[in-house]
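User: I would like to learn how to read a few features of a structure. Please take them one at a time.

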Amino acid sequence: MMKLYCARWVLPVASAPISDGAVAVEGARIEGVGARAELEERFPSVEVEDFGEAAILPGFVNCHTHLELTAMRGFLEPVEGDFFAWLRKVTIARGTRMTTEDIYASAAWGAVEAARAGVTCVADASDACACALKALGEVGLRGVVFQEAFGPDEREASAKFDHARAKIESLRGGETPLITLGLSPHAPYTVSAPLLQMLARYASDERLPLMMHAAESEAEQLLMLRGVGPFADSFNARGIVFNSPGVSTVRHLAQTGILDTRPLLAHCVRVDDADIETIKNHGASVAHCPKSNAKLGHGRAPLAALLRAGLAVGLGSDSVASNNTCDLLEEARFASLASRAAGDTLEGGHMTGADDALRMLTRDGARALRLEHLTGALAEGLEADLVAVRLDAAHQLPVYDAASALVFSSSGRDVLLTVVAGREVFRGGRVTTVDEDELRARVRDIARRLSETAV
Ligand SMILES: [Zn+2]
């Protein structure tokens with residue numbers, strides 16, 4: 001049966017805001033967007049729900065996260081000033097202290113948090129994609145799950161490639177109409193150049209979307225440009241053969257063919273104008289993760305320059321181990337404020353504003369994932385991925401402009417309803433698709449075990 005969701009403000013993002021608007025949903029699809037009075041006339045016998053002083057807008061797209069690390073929210077703070085130690089601790093804890101069931105519960109709890117905060121689409125990177133596929137599927141979110149590949153020693157490139165390919169092949173049956181598979185060579189410092197070349201070719205041949213961490217930290221930059229720093233020291237100590245390319249990360253990714261796959265690049269903190277031009281010329285996109293970059297002390301991606309170049313820039317929470325929340329409204333506010341604090345300006349000299357942030361949260365996030373034909377806007381024919389956000393709380397009133405109230409006064413905790421492909425996954429303060437209490441207990445148990453012994 002068709003349903004009409006109504007609110008004081010409807011922000012389709014792809015078109016102008018509508019006062020006293022409505023969105024008509026039938027099955028998984030949007031059948032109409034417009035003024036409530038018009039849609040009530042067009043569809044006379046539909047079920048109507050009015051959210052009152054609220055905004056209805058496209059569901060948020062989280063362009064970069066690692067849901068499986070949700071149980072490590074706050075766990076890594078003792079080492080977060082040292083990125084190498086941080087990576088080591090997360091890898092050991094994830095690899096040796098968490099069972100497959102733990103990883104699933106951790107990912108599912110992350111998906112619950114996302115649904116609660118209005119996220120309808122998630123780009124997740126994982127070394128255990130079966131868990132992520134299951135978690136997103138059970139909570140009912142849309143997404144792309146990128147299977148990670150590792151292998152810094154170039155002598156092992158062929159063996160590591162075979163391992164990655166076998167993993168992808170074993171996961172192919174787990175895809176659904178909402179959740180597809182991708183490939184993620186983890187990072188320039190964990191994947192050798194020959195392995196990058198093999199993975200790039202494989203992703204192109206198999207038409208797998210590709211995501212990669214890129215230009216995130218100073219340690220990575222030192223390794224790429226000069227072959228020194230903590231990553232180089234670790235490789236030397238462990239007898240790993242890794243040849244520094246002597247160029248920037250982005251140039252390296254161009255030389256190894258990774259950019260030919262039009263990848264999604266997470267972070268892009270350490271990029272200059274030439275790198276941005278290279279990203280643009282290859283049609284690659286960017287997952288901007290400002291809170292994670294700030295929390296780990298990596299710096300700030302040049303957001304305004306990325307936007308001025310016309311790149312598809314979406315927002316990513318990154319894992320909550322480095323954020324510490326998956327709250328895309330908060331991420332959008334932080335992105336805008338950090339860009340303003342640095343004095344950056346967009347075309348025409350204006351500061352990154354609420355409308356820019358809302359586009360990154362929705363339509364541009366979908367573009368970055370190449371899913372704009374399905375989601376990221378409210379328009380007839382698109383899938384019904386939408387959220388209703390209250391705008392009548394003490395911290396929001398008065399509202400002069402709905403986009404501004406959403407980005408600068410609201411958070412994920414103000415979300416009232418989350419709908420994915422027409423299915424309500426969060427309503428009335430509860431995620432409706434999974435047993436939240438059971439998952440809560442499991443995540444607490446994982447945390448108790450993680451904190452019992454030193455990693
Ligand atoms: Zn990441």
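User: Is H213 buried or exposed?

Analyst: Buried means under 20% relative accessible area, exposed over 50%, and partly exposed in between (1.4 Å probe, protein chains only). H213 has a relative accessible area of 5%, so H213 is buried. This is a predicted model, in which local features need pLDDT of at least 70 and side-chain atom pairs count only at pLDDT 80 or more, while totals for chains, interfaces and linings use all residues. Residues are numbered from 1 along each chain as its sequence is written, and side-chain values use heavy atoms, with hydrogens and water left out.

User: Which residues are the protein donors of the zinc ion?

Analyst: Donors are N, O and S atoms within 2.8 Å of the metal (3.2 Å for Na, K and Ca); water is not among the atoms, so sites may look incomplete. Here the zinc ion has H64 (NE2), H66 (NE2) and H213 (NE2) as protein donors, lying 2.1 Å from it. Their spacing along the chain is H-x1-H-x146-H. H66, in the loop between β6 (60-65) and α2 (83-96), and H213, in strand β10, are 147 residues apart. H66 counts as buried because its relative accessibility is 9%.

User: In what order do the strands of the open sheet lie?

Analyst: Strands (E, at least two residues) and helices (H or I, at least four) are DSSP runs, numbered from the N terminus. Two strands pair if DSSP finds at least two bridges between them. In this open sheet, four strands run in the order β10-β11-β12-β13, with parallel pairing. Its edge strands, β10 (211-214) and β13 (313-315), each pair on one side only.

User: Over how many bridges do β12 and β13 pair?

Analyst: Strand β12 (residues 285-288) pairs with β13 over three bridges, in the parallel sense. H288 stands opposite L315 in β13.
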